[in-house]
Amino acid sequence: MGKTRILILGGTTEARLLAEQLAEHEGVDVLLSLAGRTKEPLPQGAPVRVGGFGGSAGLADFLKSEGIEMMVDATHPFARQISANAADAAKVADIPFFALGRQAWQPVVGDQWHEVADVAAALTALGPTPRRIFLAIGRQEAHHADRFPQHFYLVRSVDAVDPPLQAPDVVSILDRGPFDLPGEVRLLKQHLIDCIIAKNSGGSATYAKIEAARLLGIPVLMIARGAATTVPTVSSLEAALDRIDHFVSGAAKRGV
Ligand code: NAP
């Protein structure tokens, strides 16, 4: 009986863990896809391909030519383009498809969140008075800060922001989560941060900054997620594995 060939769209901890588990699955031939944004990704524990597909049509072609029988979108909640492409491509290739997502964070008592639509809206909302900002949004959109040079920015990313920001008062830290509460409290105090700009990514790896903000009474400009997807979505690794097991055992019964 042949193995079921599954493509995982990754770039997240969840995708890495899912691919790692599927690499051990006797009925699955897994392939993990990374965009190639991170210079030195962590070891993935599964076969990996790197780089874009060339839009949804390119991805649909890839699914067909590689004989992919199921696809899982385990990309970051803010990676909207690839998720839209994947939904279209799965239809065209006519293969089962679901997303492994993360529940959005919800504010709790003590949080001072102000929801904004995107990074530019967050920076605009700060107003003209100089502030000390922890820009915790990764490196791809950090350049928006250059249009608001009155503020101090603490920028943390896995790889350096390239080209570097032009804003005059910037401290860059290269680091990769997960982050813990004592470390985040220390960081916010050390740089006298008075506002955080964050994406509502969900998950635990980057939540400590939100807890630290609550503890220290620091407001958070929280970038909201886009409209909810119609793609079937699970929010845990176990649920994703169950769904895959179900499909793989069905395929075995059907003799494919
Ligand atoms: P995006 O805007 O949704 O996608 C832009 C293009 O990048 C896509 O059209 C696709 O190119 C390519 N791409 C994205 N993810 C890919 C994947 N897993 N495999 C192959 N190609 C991929 O994506 P993004 O926001 O730049 O994110 C890029 C990657 O970083 C994603 O894998 C995501 O999971 C990860 N990530 C993103 C964020 C974030 O805040 N956006 C945070 C953490 C991690 P083609 O059209 O040529 O196929």
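Leucine 192 is found in the loop between α5 and β10. Here helices (H or I, at least four residues) and strands (E, at least two) are DSSP runs, numbered from the N terminus. The structure is a predicted model, in which local features need pLDDT of at least 70 and side-chain atom pairs count only at pLDDT 80 or more, while totals for chains, interfaces and linings use all residues. Residues are numbered from 1 along each chain as its sequence is written, and side-chain values use heavy atoms, with hydrogens and water left out.

## Loop residues

Leucine 192 has a phi near 50°, a positive value in a residue other than glycine. Leucine 192 is also exposed, with a relative accessible area of 59%. In this report, buried means under 20% relative accessible area, exposed over 50%, and partly exposed in between (1.4 Å probe, protein chains only).

Aspartate 94 also has a positive phi, near 60°. Aspartate 94 is placed in the loop between α3 and β5 and is exposed, with a relative accessible area of 68%. Most residues other than glycine have a negative phi, and most peptide bonds are trans.

Two cis peptide bonds can be described next. One joins aspartate 162 and proline 163, with omega about 0°; proline 163 lies in the loop between β8 and β9 (170-174). Another joins glycine 177 and proline 178, again with omega about 0°; proline 178 lies in the loop between β9 and α5 (181-190).

Alanine 142 belongs to the loop between β7 (132-136) and β8 (152-157). Is alanine 142 buried or exposed? Alanine 142 is buried, with a relative accessible area of 0%.

## The open sheet

Six strands form an open sheet in the order β3-β2-β1-β4-β5-β12, with parallel pairing. The edge strands are β3 (48-50) and β12 (233-234), each of which pairs on one side only. Two strands are said to pair if DSSP finds at least two bridges between them.

Strand β1 (residues 4-9) is mostly covered, with six of its six residues buried. Thr4, Ile6 and Ile8 are buried on one side of β1, and Arg5, Leu7 and Leu9 are buried on the other. β1 runs parallel to β2, and six bridges join them. The chain passes from β1 through helix α1 (residues 13-23) to β2 in a right-handed β-α-β crossover. Right-handed means that, with the strands pointing away from the viewer, the path from the first strand over the helix to the second runs clockwise. β1 also pairs in the parallel sense with strand β4 (residues 70-73), over four bridges.

Isoleucine 8 has a partner in each of these neighbours: leucine 32 in β2 and valine 72 in β4. Elsewhere in the sheet, strand β5 (residues 97-100) pairs with β12 in the parallel sense over two bridges.

## Strand β10 and its partners

Strand β10 (residues 195-199) is mostly covered, and five of its five residues are buried. On one side these are Cys195, Ile197 and Lys199, and on the other Ile196 and Ala198. Four bridges join β10 to β7 in a parallel arrangement, where alanine 136 has alanine 198 as its bridge partner. β10 also pairs in the parallel sense with strand β11 (residues 220-223) over four bridges. Together β10, helix α6 (residues 208-216) and β11 make a right-handed β-α-β unit.

## The ligand

There are 22 residues around the ligand, of which Gly10, Ser33, Phe53, Ile82 and Lys199 come nearest. A residue is near a molecule or strand if one of its heavy atoms lies within 4 Å of it. By class, this shell has six nonpolar, twelve polar and four charged residues. Ala, Val, Leu, Ile, Met, Phe, Trp, Tyr, Cys and Pro count as nonpolar, Asp, Glu, Lys and Arg as charged, and the others, Gly among them, as polar. β2 (28-34) and α3 (80-93) each supply at least two residues of the shell, and α3 gives the most, with four.

| Residue | Protein atom | Ligand atom | Distance |
|---|---|---|---|
| Serine 33 | side-chain N or O | nitrogen | 2.7 Å |
| Histidine 76 | backbone N or O | oxygen | 2.9 Å |
| Glycine 55 | polar backbone atom | oxygen | 3.0 Å |

The protein covers 78% of the 810 Å² of accessible area that the ligand has on its own; accessible areas come from the Shrake-Rupley method with a 1.4 Å probe, and for residues only the protein chains shown count as cover.

Methods
A polar contact is a pair of N or O atoms within 3.5 Å; within protein, one must be able to donate a hydrogen and the other to accept it, and residues adjacent in sequence count only if both atoms are side-chain atoms.
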